[in-house]
Amino acid sequence: MKSLLSTLAWVAVSLLAAAAVGVVAVHRGEPINALWLVAGATCCYALGYRFYSKFIAAKILALDALRATPAERLENGRDFLVTNKWVVFGHHFAAIAGPGPLVGPVLAAQFGYLPGTLWVLAGAVFAGCVQDFVILLFSVRRDGKSLTEMAKEETGVIGGIVAYASVVVILIILLAVIALVVVNALKDSPWGTFTIGMTIPIALLMGLYLRRIRPGRVLEVSVLGFVLVLLAIWGGQLISQSQTLAPVFTLRAPTLAILIIVYAFAASAVPVWLLLAPRDYLSTFVKLGTVGILAIGIVVMHPTLHMPALTRFVDGTGPVFAGKIFPFAFITIACGAISGFHSLISSGTTPKLIARETETRMVGYGAMMAESAVAVMAIIAACVLQPGVYFAINSPAGVVGSTAAAATSTISNWGFPVTGADMQALAAAVGEKTLFNRTGGAPAFAVGMAHIFSQSLGGTEVMALWYHFAVMFEALFILTILDAGTRVARFMIQDALGHIYKPLGRTSWYPSIIATSALIVALWGFFLWQGVKDPLGGINSLWPLFGIANQLLATVALCVATTIIIKMHRTKYAAITLVPLAWLVAVTFTASWHKIFDSNPKVGFLAQAHALAAGPATAATARLIFNNQLDAAVTAMLVVMVTLVLVESVRQWVGVLTGSREARIIETPFVMTRLVEEKG
Amino acid sequence: MTRITRALAILRAVLREIFDEAAYQRFLCRTHAASSPDAYAAFWREREATKLRQHRCC
């Protein structure tokens, strides 16, 4: 009877999934309600988790609850620790959830809500969740080894070197692009700049409180910090209305870029307890709360999506970023569907906390589903805006014109009516002077989020507060990644330099700290400056570069996973990683080809350099030409490196399948768990 | 009621782990130290060698 009820329930979920995704996919002309997306996503995740992940767990990975995990065998109370599965889930989700699933889907909404939604759902269920799950399990079976170490052992030395180099390149581009998102969100915004600026003394205060007054009371001080941040948001409104103070906090993009670069250098060099750790706590506190509130807000308010299912920009002429729907939609949205970066988390802290192998399914596959759900919320936040408003916010001045009249005329001529009065009223409602040309995705997301909340909580009177809360949330989130990412990159560089000159590898030696911090900040600062000065808004070139780099890292992770599956003699099931791998190779290699060689100057780096060279020769032009050539070289370098890993992996597969190579699995021998015995 | 209590206990445990409170308690137990500014500084020196070397996602 119970089995029959369960079967009926899953049939009902399947039918609801088919109906909801069907409505999302075939509906044309009239706006649809966001609940269709929510229902479709929820049912797809439920089905994916219940059936697909269970299939992978049982047939391919053969999860063994009796096999002791490294958390049990190597428990040391520090990094190896048997931990409750829900605690690990929360920890893992907090580590993988960054600004990517919020920004990428907002940018990709220029194609309409449909491409992003389908990619987020299918990509997560069949690729992203699978990658996170299998890499986590393989790391657990190898004493918590990192992706770089596993790549070296399973696919050869080249795999290890490529994985390492990809991580460094991705980190640099990631830090540049997210810094650019913050710059674009804060430029000419005294309210936002003041609020974000205040988070620095708030974090310092929290750091001193934690160190001197109440050591270790993090939750307590996070609540205090959150209250202070809310006060800063309220105070920002007063600043923006002040005749004398508003100009002080009204900063242009280059000034903000310099301030962020200086800040990141300082944050990387000062003691971690003083700034990085408290800001991280504050950011996590705000992040978890806001994601939860947004989810509730969308379900309760069930707003209407005004963006069409597909826009005319699927042909590659989009103003937000240039390039056709294939491959560019699939590299623009990474974190909500599949992100190579996740494989670093799945082979980082998390495998050292897992108590039983069977829990890797919930943590690896499940947390990625939650991340994907965040991406669906971002799509909804972007698509509740009128399309004309969305394009006015997200289009750079170089594409739509630098005046309100030119921008509204261009966008209205595309078939998305918007007027200067509409934009002026919206800017006034959110407490900004203008919302034109606010590229980067963050302002559009903030306006969408404010729009959803203002429908009930406080009405349009408090829309400005909601908008600035959303901007603060994103900027705080991003600045935390900047702090932590710069420091992680610094450690990686110090480790590498330590092989050349030992003192450089000492993480407590100040000359080394200063030199390596300066090097890292200079590297991503260069790309940030390039983005700030780019007439097409910077996002057009940097976000695809980041997307390509991130998806190429996922390609490396899937190569490692496929190699291990074949060595485990599960070749007939290798398609679970091989198909996503083939898809990613098609996407990333096509995107790379377009970004390097496309004849359209808005798409191809070399074509843009060529077009610039044909124009008047100035110092600025020479710099832009060099930037484009450098971007092309970085993309080509990444593709060559990943091609080497692919070739090496295929050699391994062919060798194992033809019997010319031994299928040697380098995993820790089976040890019986004691946890079962203890439980009785 | 028991279920709610259990759920709240797990939520608290998750938050304590995410916010490093649990890690600090474990550090104090392991080093047989009482909570103090010096102990917290030592905790962070150790933390720098492990947690801060881990990647944070985009």
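Predicted model: local features only at pLDDT ≥ 70, side-chain atom pairs only at ≥ 80, totals over all residues.
Ala57(A) belongs to helix H2 of chain A, which covers residues 34-60. When residues up to four places away in sequence are left out, Ala57(A) touches Leu63(A) and Arg361(A). Ala57(A) and Thr358(A) are separated by 301 residues in sequence, yet their C-alpha atoms are 7.9 Å apart in space.

## Helix H7 and its surroundings

Helix H7 of chain A, formed by residues 147-155, is mostly covered, with 8 of its 9 residues buried. The buried residues are Leu147(A), Thr148(A), Met150(A), Ala151(A), Lys152(A), Glu153(A), Glu154(A) and Thr155(A). They pack against several helices of chain A, namely H6 (113-140), H8, H15, H24 (539-567) and H27. After H7(A) comes Gly156(A), which has a positive phi, near 105°.

## Two helix pairs in chain A

Two packed helices are described by the angle between their axes and the distance between the axes. For helix H8 (residues 157-186) and helix H27 (residues 619-658) of chain A, the axes come within 9 Å and cross at roughly 150°. Angles over 145 degrees count as roughly antiparallel, and H8(A) and H27(A) are therefore roughly antiparallel to each other. The crossing in which H8(A) passes H27(A) is left-handed. On the side of H8(A), the contact is made by Ile158(A), Gly159(A), Val162(A), Ala165(A), Ser166(A) and Val169(A), while H27(A) brings Val634(A), Leu638(A), Met641(A), Val642(A), Leu644(A), Val645(A) and Glu648(A). Sorted by class, this contact of H8(A) with H27(A) has 10 nonpolar, 2 polar and 1 charged residues.

Helix H9 (residues 190-213) and helix H10 (residues 218-241) of chain A form another pair, with axes that come within 8 Å and cross at roughly 155°. H9(A) and H10(A) are therefore also roughly antiparallel to each other, and H9(A) passes H10(A) in a right-handed crossing. Among the residues that make this contact are Trp191(A), Phe194(A), Met198(A) and Ile202(A) of H9(A), together with Val221(A), Gly225(A), Leu228(A) and Gly236(A) of H10(A). By class, the contact of H9(A) with H10(A) has 15 nonpolar and 7 polar residues, and no charged residues.

## Chain B

Chain B has 3 helices and 0 strands, and its elements run α-α-α from the N terminus on. Its radius of gyration is 14 Å, whereas a compact globule of 58 residues would have a value near 10 Å. Taken along the principal axes, the C-alpha atoms of chain B fill a box of roughly 40 × 35 × 15 Å. Of the 58 residues in chain B, 31% are buried.

## Where chain A meets chain B

The contact between the chains takes 44 residues from chain A and 30 residues from chain B. On the side of chain A that touches chain B, at least two residues each come from H4 (85-96), H9, H10, H13 (276-301), H15 (340-346) and H22 (463-498). H4(A) gives the most to this side of chain A, with 7 residues. By class, the residues of chain A that touch chain B divide into 23 nonpolar, 16 polar and 5 charged.

Terms used
Residues numbered from 1 in each chain as written. Chains lettered and ligands numbered in written order. Axes fitted to C-alpha atoms, helices over the stretch in contact; angles between N-to-C directions. Helix = DSSP H or I, 4+ residues; strand = E, 2+ residues; numbered from the N terminus. Parallel < 35°, antiparallel > 145°, perpendicular 65-115°, else oblique. Left-handed = near helix turned anticlockwise from the far one by under 90°. Contact = placed C-beta atoms within 7 Å. Nonpolar A, V, L, I, M, F, W, Y, C, P; charged D, E, K, R; others polar. Rg over C-alpha atoms; globule rule 2.2 N^0.38 Å. Buried ≥ 20, exposed ≤ 12 C-beta atoms within 10 Å, placed from the backbone.
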